[in-house]
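Please have a look at the structure first.

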Amino acid sequence: MDDEVRAFMARTELHYPPDAVDLTVDDQRRVYNAMCADFDVGYPDDVTAQDRAFGGVSCRVYSRSSPVLGTVFYCHGGGFVVGGLDSHDSICAEFCAGTGMQVIAVDYGLSPERPFPGDFEDAWAAFEAVCAETDGAIVLAGDSAGGNLVAAIAHYARGRIDGRITGSLLIYPGLGGDRTRGSYVTHADAPGLSVRDMAFYNTLRSGGQDRSGDPRFAPLQDTDFSGLPPTVILTAEFDPLSSDGEAYRDAIQAANGRAVWIEEAGLVHAHLRARHMSKRAATSFARMIQALTLLRQGQITDLD
C-alpha cells in the first residue's frame with residue numbers, strides 16, 4: 001500500500017471511523033454521508049442529472065448532450081445499510097462522461113428498514129422499468145453491495161428479460177463466498193472493510209434469517225452459472241472480498257461463460273473515491289471506463 005492510498009484511508013477515517021459499525025444506523029449514515037460529501041468532486045462540464053422514478057423506485061439519470069450510446073444501470077455500495085443517490089453522485093457522472101452512456105443510479109431500500117428481499121425487489125423493479133423505457137444496450141454495474149445486486153439481477157433475468165444485458169461490471173463485490181478461506185482470512189481486518197463489518201451488514205440485511213442458497217442474496221451460491229452476460233470483476237488486493245471475484249470468474253468460466261477477474265494491486269475496498277488522489281485508483285477507474293465501453297458491445301477480450 002503506497003503513501004497515496006494511505007492518505008486516502010486517513011482522509012476517509014476523519015469522517016468514517018474503522019469502528020463505525022458500533023454506531024447506531026442513523027449515526028453510521030450521518031458519518032458516511034459526510035465522508036462521501038468530502039470526496040465529491042462535482043460533475044464534468046457536459047454531464048447533467050435528473051431525478052425520476054423507474055418501477056416506483058427513485059433513480060437519478062445522468063446524461064450528456066451527445067447521442068446516448070447505451071445505458072449503465074448502477075447500484076451503489078454501502079453494505080445495504082448506508083449510501084444513496086448522493087453518495088456516488090460524482091462517480092456516476094464521471095462514468096457517464098467517460099463512456100458516452102447514460103447512467104441510471106438506483107436508490108434501492110436499505111436495511112434495517114427494508115431488508116432482503118426488499119433491496120433486490122427494488123433493484124429488479126427499477127431494472128424491469130428501465131428495460132421497458134429505454135432502447136439499446138444495458139450494462140449492469142455496481143460496487144460492493146451494489147455489485148451483489150446487479151450480479152443477482154443478471155442471474156434472475158435469465159428467462160425473464162433476455163437480450164438486453166450486454167455485460168456486467170462488478171466492482172469489489174460481495175457475492176457470498178466461502179468466509180473460511182482466501183482473502184476472508186488473509187485480509188480479515190483490511191482497512192476500509194473488515195470481516196466484522198461484513199457480519200454486521202449481513203445480519204441487518206438478512207433480518208437474522210438463514211438466506212443461504214438464495215442467489216438473489218448471494219449470487220455465488222447459485223447452482224447454475226450458465227447464460228450470464230460477459231462479466232468483468234475488479235477487486236482490491238487489501239479487501240476480504242477479493243476472493244469472491246476469483247470464485248465468481250471461475251464459476252462463470254466453468255459454465256462456458258465469459259468472465260475476467262482483475263485484482264487491483266495495492267488498493268483497498270471503496271477505492272472508487274480515491275480516483276482523484278491515488279494514481280493506482282485513477283488507473284483502476286480508467287479500467288472501469290474501458291470495461292463499461294467494451295461491455296456495451298458485449299466484449300471483454302481487449303480489456304487491459
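The lining of the second largest pocket consists of 3 nonpolar, 3 polar and 5 charged residues, where Ala, Val, Leu, Ile, Met, Phe, Trp, Tyr, Cys and Pro count as nonpolar, Asp, Glu, Lys and Arg as charged, and the others, Gly among them, as polar. This is a predicted model, in which local features need pLDDT of at least 70 and side-chain atom pairs count only at pLDDT 80 or more, while totals for chains, interfaces and linings use all residues. Residues are numbered from 1 along each chain as its sequence is written, and side-chain values use heavy atoms, with hydrogens and water left out.

Among the residues that line this second largest pocket are Arg-181, Asp-244 and Glu-246.

Turning to the cavities, the lining of the largest cavity has 3 nonpolar, 3 polar and 5 charged residues, and Cys-36, Asp-86 and Arg-273 are among them. The lining of the second largest cavity divides into 4 nonpolar, 4 polar and 1 charged residues, and Cys-96 is one of those that line this cavity.

That brings me to the cysteines: how many disulfides does the structure hold? It holds 0 disulfides, a disulfide being a pair of cysteine sulfur atoms within 2.5 Å. For Cys-96, the closest cysteine sulfur, in Cys-92, is 9.5 Å from its own, too far for a bond. For Cys-131, the closest one, in Cys-59, is 12 Å away, which is again too far for a bond.

Methods
1 Å grid on protein atoms, 1.4 Å probe; cavity = no way out; pocket = protein on both sides within 12 Å on 5 of 7 lines; lining within 4 Å.
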